[in-house]
Amino acid sequence: MPVIGQCRLCLRDGAELQVSHFVSRKLYYSGKKKLEFHSLVESGFNPEELKAPLLCRDCEARFSVNGEEEVLKHVAPKYVLKRFPLGDLMRLGLARDNDSSAPRFDARDFHVDTEKFAYFALSIVWRRTIHEWSPVIPRWELGQFAEDMRRYLLGETPFPDNMAVIVIVCSDTASRMTWSVPTHFDEAGCLNFAFDVRGIRFRVMMGHLPPWAYSVNCRAPQQPIFLADCEKKTRQALDTKLIQAADRQLGTRHRKA
């Protein structure tokens, strides 16, 4: 039975709502071979898909064309972990600074569309403001930030001036095996949200941005993207979030007992 309701993006009532995924269904695997995964809430094999009827057909297509298709072209393959085309190209490319820990590159050298990367990043963060995807992934209340993102994603307004998206391509193997839902932290005097998509780390900043955020924003004129070993942060984040998820589940059980 089709679900009829209000599209959470265009706000049209009476729309036939499509099954929307929090992270792309293409990051899951439905074949016979088990897909090992690690996320910021759990790990194991063949995760249960995070999905719900939220968007109309037009808005679901908008998300795909304006961001998801471009990003998924560049993520690490699911099974060939020794190959990561974007990371391999960047290791051979010309860095635009002398930072040995996270050198800056120009995305245009690798045919990366940073406008679509930025759109994708905001679309993922915004999805946490419209739905509780699971008991351990609560809905975020971001007020005007959520509305500003919605209007941008719908194409009504330009990219918000008080937001920035930082793109880091991970050089380590561990991060290529990982996808995660966005998590929140406070740093540099503003809101920060981070998530991973198999070898690419996104950091979204919102609010009163520090001056340096504008120069590292992937939408800046230099279209910067960075290359770094993210394994330590990936493993730290996984350990922390798995412990937090277990604590929440135990708390729920105690409350029901």
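Which residues of helix 3 are buried? They are T114, F117, A118, Y119, F120, A121, L122, S123, I124, V125, W126 and R127. Buried means under 20% relative accessible area, exposed over 50%, and partly exposed in between (1.4 Å probe, protein chains only).

The model shown is predicted: local features need pLDDT of at least 70, side-chain atom pairs count only at pLDDT 80 or more, and totals for chains, interfaces and linings use all residues. Residues are numbered from 1 along each chain as its sequence is written, and side-chain values use heavy atoms, with hydrogens and water left out.

**Figure 1. Confidence across the model.** The average pLDDT of the protein is 84, and 80% of the residues score at least 70. This score is the predictor's confidence in each residue, from 0 to 100. Residues 30-41 fall below 50, yet beyond near neighbours in sequence this stretch has 46 contacts in the model. Residues 241-257 are also below 50, with 10 contacts beyond near neighbours in sequence. A contact means heavy atoms within 4.5 Å.

**Figure 2. Helix 3, residues 114-127.** Helices (H or I, at least four residues) and strands (E, at least two) are DSSP runs, numbered from the N terminus. Helix 3 has 14 residues and reaches 20 Å from its first C-alpha to its last. That is close to the 20 Å expected at 1.5 Å a residue; the expected span is 1.5 Å times one less than the number of residues. Because 12 of its 14 residues are buried, helix 3 is largely enclosed by the rest of the structure. At its start, a side-chain oxygen of D113 comes within 3.1 Å of the backbone nitrogen of E115.

Figure 3. The whole structure holds 11 aromatic pairs. Rings of Phe, Tyr and Trp (its six-membered ring) pair if their centres lie within 6.5 Å; planes under 30 degrees apart count as stacked, over 60 as edge-to-face and the rest as tilted. Y119 and Y152 have ring centres 5.6 Å apart and planes at 55 degrees, so this pair is tilted. Y119 lies in helix 3 and Y152 in helix 4 (residues 144-154), so the pair ties together parts 33 residues apart in sequence. Y119 is buried at 5% relative accessible area, and Y152 is buried at 9%. F195 and F202 form a stacked pair, 5.0 Å centre to centre with 15 degrees between the planes. Both of these Phe residues are buried. One aromatic cluster is made of F63, Y119, W126, Y152 and F159.

**Figure 4. Packing of helix 4.** Buried here are F145, A146, M149, R150, Y152, L153 and L154. The buried residues of helix 4 pack against helix 1 (57-74), helix 3, strand 7 (163-170), strand 9 (190-197) and strand 10 (200-206). Just after helix 4, G155 has a positive phi of about 95 degrees.

**Figure 5. Two loop serines.** S180 sits in the loop between helix 5 (173-176) and strand 8 (183-187). S180 is buried, at 1% relative accessibility. Its side chain reaches the backbone nitrogen of D196 at 2.9 Å. S100 sits in the loop between helix 2 (85-92) and strand 6 (104-106). S100 is exposed, with a relative accessible area of 74%. S100 and L227 are 127 residues apart in sequence and 9.4 Å apart in space, C-alpha to C-alpha.

Key. A polar contact is a pair of N or O atoms within 3.5 Å; within protein, one must be able to donate a hydrogen and the other to accept it, and residues adjacent in sequence count only if both atoms are side-chain atoms.
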